Amino acid sequence: MSNQNQRDGSVFRVDKFVVPAAARDEILGKVRMTHELLRQQDGFVQDFLLEQFSGPGEFNIVTMVEWESQAAVDKVVPIVKAAHERIAFNPQETIARLGVKADIANYQRVSEM
């Protein structure tokens, strides 16, 4: 895939979390499990799992997944939901139970100037 194609159609899912120290291992385990599934899906480009190690920022865990297109994102949403249901994993419940704050959104590249 060329850089131009990535600029034109890529969708970036960015999840930012404020994770209490006591919840770190459980959250990272769930993130890793989900990302293993995402990497197997059509349209997946790359992903990152980042942990803050310095600075005053609020969010200490950030994940990013790049998808080829919005169509790829639309196809993967029900796949992930079904996989979570099969193992009785409810992300919203887990976030609430562990006292995690989440900021989740899709992004696209800013056009060249």
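Strands here, like helices, are DSSP runs numbered from the N terminus (E, at least two residues, for strands; H or I, at least four residues, for helices), and two strands are taken to pair if DSSP finds at least two bridges between them. The model is a predicted one, in which local features need pLDDT of at least 70 and side-chain atom pairs count only at pLDDT 80 or more, whereas totals for chains, interfaces and linings use all residues. Residues are numbered from 1 along each chain as its sequence is written, and side-chain values use heavy atoms, with hydrogens and water left out.

The protein chain contains 4 helices and 4 strands, which follow one another along the sequence in the pattern α-β-α-β-β-α-α-β. The C-alpha trace spans about 40 × 40 × 15 Å along its principal axes. Of the 113 residues in the protein chain, 33% are buried, where buried means under 20% relative accessible area, exposed over 50%, and partly exposed in between, with a 1.4 Å probe and protein chains only. Among contacts with a separation of 6 or more, 76% involve residues 24 or more positions apart, a contact being defined by heavy atoms within 4.5 Å.

The strands form an open sheet of 4 strands in the order β2-β3-β1-β4, with antiparallel pairing. Because β2 (44-51) and β4 (101-107) stand at the edges with a single partner strand each, one side of each is left without a neighbour in the sheet. Neighbouring strands of the sheet are turned by 10° against each other on average, direction ignored; the axes are lines fitted to C-alpha atoms, for helices over the stretch in contact, and angles run from 0 to 180 degrees between N-to-C directions. Strand β1 (residues 11-18) is joined to β3 (residues 61-67) in the antiparallel sense over 7 bridges, and 7 bridges likewise join β1 to β4, again antiparallel.

Helix α3 (residues 70-86) lies across β1, β3 and β4 and runs at about 115° to β3. The largest nonpolar core has 11 residues, including V11, F44, V65, W67 and V76; such a core is a set of buried Ala, Val, Leu, Ile, Met, Phe, Trp, Tyr and Cys residues joined through side-chain atoms within 4.5 Å. At least two residues of this core are supplied by each of α2 (24-38), β3 and α3, and the largest share, 5 residues, comes from α3. Another core, of 10 residues, lies apart from it and has A23, L28, I61 and V100 among its members. In soluble globular proteins, nonpolar side chains tend to be buried together.

Helix α2 has 15 residues and reaches 21 Å from its first C-alpha to its last, close to the 21 Å expected at 1.5 Å a residue, the expected span being 1.5 Å times one less than the number of residues. The buried residues in α2 are I27, L28, V31, T34, H35, L37 and L38, and what covers them includes β2, β3, α3 and α4 (91-98).

Q41, which is found in the loop between α2 and β2, is buried, with a relative accessible area of 15%. The side chain of Q41 reaches the backbone oxygen of L37 at 3.1 Å. When neighbours within four places in sequence are left aside, Q41 is in contact with W67, V76 and I79, of which W67 and V76 also belong to the largest nonpolar core. T94, in helix α4, counts as buried at 5% relative accessibility, and, not counting residues up to four places away in sequence, T94 touches E26, I27 and F89. A88, by contrast, lies in the loop between α3 and α4 and counts as exposed at 73% relative accessibility. The phi angle of A88 is near 55°, a positive value in a residue other than glycine.

Conventions
Polar contact = N/O pair within 3.5 Å; in protein donor to acceptor, adjacent residues only side chain to side chain.
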